[in-house]
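Welcome! Have a look at the protein below, and then let us walk through it together, one group of residues at a time.

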Amino acid sequence: MDMVSGNDHLFMNPDEGGLAILGATPAFPSPVHVGQPNIGDREALLERIDAILDSRWLSNRGRQVLEFEQRMAQLVGTRHCIAMCNATVALEIVARAVDLSGEVIVPAMTFVATAHSLQWQGITPVFCDIDSLTHQIDVEQVESLITPHTTGILAVHLWGRPCNIDALARLAEKHHLKLIFDAAHALGCTYRGMPLGGFGNAEVFSFHATKIANAFEGGVVTTNDDALAEKIRLMQNFGFKGTDNVIHLGINGKMHEVSAAMGITSLDSLGLFMERNRANAAAYRDGLGDVPGLRMLEWDARERNNYHYVVLELDEDRAGIDRDTLLAVLQAENVLARRYFWPGCHRMEPYRSLPRYVGLNLPATEKVLSRVLVLPTGTATDGERIARICQIVRRAITQSERVRRQFASNEYNDLS
Ligand SMILES: *Cc1c(COP(=O)(O)O)cnc(C)c1O
């Protein structure tokens with residue numbers, strides 16, 4: 001163990017210095033958030049909004065939505081793209097459109113919307129463990145979870161890294177299952193050089209404010225299946241085909257024009273957002289590369305990546321402090337790092353109280369979720385901020401013993 005203690009002889013270390021949790025002034029005067037929205041060209045957005053108001057066409061596939069859908073389809077290389085009010089409703093509609101029922105296998109390590117989109121409509125999410133190195137769904141376990149009730153797999157490209165698509169596709173084919181991807185994190189990313197968006201029966205992207213590109217709120221379904229696209233279009237607009245002709249059960253999942261205008265504006269700047277994130281990730285790597293007990297999740301240099309999540313894993317035995325203590329240290333400095341997706345869907349309501357999930361044990365998920373911390377990036381973050389954040393992390397670990405004692409003795413141990 002190369003645990004570093006906070007003994008007095010270490011005060012010569014240049015990384016040593018004041019920490020707010022030990023009484024110093026916070027490093028940042030105002031909160032630094034994870035997922036601060038990226039905002040593209042404001043003038044271009046306002047021009048689009050003016051055009052929307054001038055046209056008095058606010059929703060129902062106006063010019064902005066049509067353009068946004070075209071742009072997205074082009075970007076991910078699919079025949080169809082359907083813009084939605086958000087990704088959660090998009091997942092729900094896709095689940096219905098491909099006739100999911102009974103049981104559907106999902107990772108427990110994801111944003112809870114992935115599971116809720118199934119449970120909301122009476123489909124049972126069957127939680128699967130992950131690979132602790134990549135954080136992606138464990139394909140071998142997926143196969144072991146298949147029962148006669150299983151109708152599909154809803155996999156997630158967690159953190160924008162592609163999950164093991166080829167293996168999942170083989171499984172889905174072998175067992176006649178539908179395969180859907182929650183690509184909420186994965187805009188702009190590739191798998192074996194091909195853009196995410198065209199795999200499985202359909203993929204769903206989120207344009208929520210916290211994602212790399214946003215439409216304030218928004219979601220997108222991409223697919224190469226003509227019949228499925230047609231069905232999804234009906235379902236998202238009350239089943240209307242034409243003006244007075246309802247031919248299907250539907251709901252309202254439409255994206256409105258101002259959202260689409262923001263979506264287009266965001267896509268216009270996607271390259272800039274990705275480049276900033278890439279530079280930020282490199283700055284974090286420079287600042288944290290050799291800190292004992294810290295692992296920064298890698299990106300595959302052979303793929304195109306959006307670098308939107310800076311994911312740390314903290315090994316308490318080697319770092320001398322645990323993840324929650326590091327989180328408290330950062331919060332005291334006004335760095336609002338996040339424990340995504342703690343404690344895991346299976347430990348959230350309604351799942352944790354349902355007999356089916358009581359005692360469900362997902363060792364890799366639980367280990368990773370106890371160690372993960374997500375740090376701020378995006379266009380609201382720059383190299384100077386990152387250097388300061390890295391310095392805080394280094395100080396917390398070089399002074400781990402003092403930090404741990406302080407954490408045990410004061411109000412910072414309540415993170416709720
Ligand atoms: C953000 C997110 C969603 C939900 O997206 P919304 O557009 O907010 O509904 C779904 N799945 C994952 C993995 C997400 O991160």
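## Salt bridges

Counted by a distance rule between oppositely charged side chains, this model has 22 salt bridges. Keep in mind as you read that the model is a predicted one. Let us visit some of these pairs.

One of them joins Lys231 and Asp99, with N and O 3.7 Å apart.

## Pairs within a helix

Glu275 pairs with Arg278, and their closest N and O atoms are 2.8 Å apart. Why are these two separated by about one helical turn? The reason is that Glu275 and Arg278 are three residues apart in helix H9 (residues 270–288). Both partners are partly exposed: Glu275 has a relative accessible area of 40%, and Arg278 has 36%.

Helix H14 (residues 400–409) holds another such pair, Glu401 and Arg405, placed four residues apart, or about one turn of the helix. Their side chains meet in a salt bridge of 3.9 Å from N to O. Glu401 is partly exposed at 25% relative accessible area, whereas Arg405 is exposed at 53%.

## A network of charges

Salt bridges can also share partners. Here, Arg61, Glu69 and Arg233 are linked in a network of salt bridges.

## Patches on the surface

Now turn to the outside of the model. Which residues gather in a patch of negative charge on the surface? They are Asp41, Glu43, Glu47, Asp50 and Asp54. Take Glu43 as an example: this residue lies in helix H1 (residues 42–55), and its relative accessibility is 54%, so Glu43 counts as exposed.

There is a nonpolar patch on the surface as well, formed by Phe238, Phe240 and Val246. Together these three residues have about 240 Å² of accessible area. Phe238 is located in the loop between H7 and helix H8 (257–268). With a relative accessible area of 36%, Phe238 is partly exposed.

## Residues tucked inside

Thr365 is in helix H12 (residues 363–371). Its relative accessible area is 0%, so Thr365 counts as buried. Which residues does Thr365 touch, leaving aside those up to four places away in sequence? The list is Ala108, Met109, Cys128, Asp129, Ile130 and His346.

Phe407 brings us back to helix H14, the helix that also holds Glu401 and Arg405. Phe407 is buried because its relative accessible area is 13%, and the limit for buried is under 20%. Along the chain, Phe407 and Ile21 are 386 residues apart, yet their C-alpha atoms are separated by 7.9 Å.

How values were computed: Residues numbered from 1 in each chain as written. Predicted model: local features only at pLDDT ≥ 70, side-chain atom pairs only at ≥ 80, totals over all residues. Heavy atoms only, no water. Patch = residues over 30% accessible without salt bridge, like charges linked within 9 Å, V, L, I, M, F, W, Y side chains within 5 Å. Areas by Shrake-Rupley, 256 points an atom, 1.4 Å probe, with all protein chains shown as cover. Salt bridge = Lys/Arg side-chain N within 4 Å of Asp/Glu carboxyl O. Lys, Arg positive; Asp, Glu negative; His and termini not counted. Charge placed at Lys NZ, Arg CZ, Asp CG, Glu CD. Buried < 20%, exposed > 50% of the residue type's maximum accessible area, 1.4 Å probe, protein only. Contact = heavy atoms within 4.5 Å.
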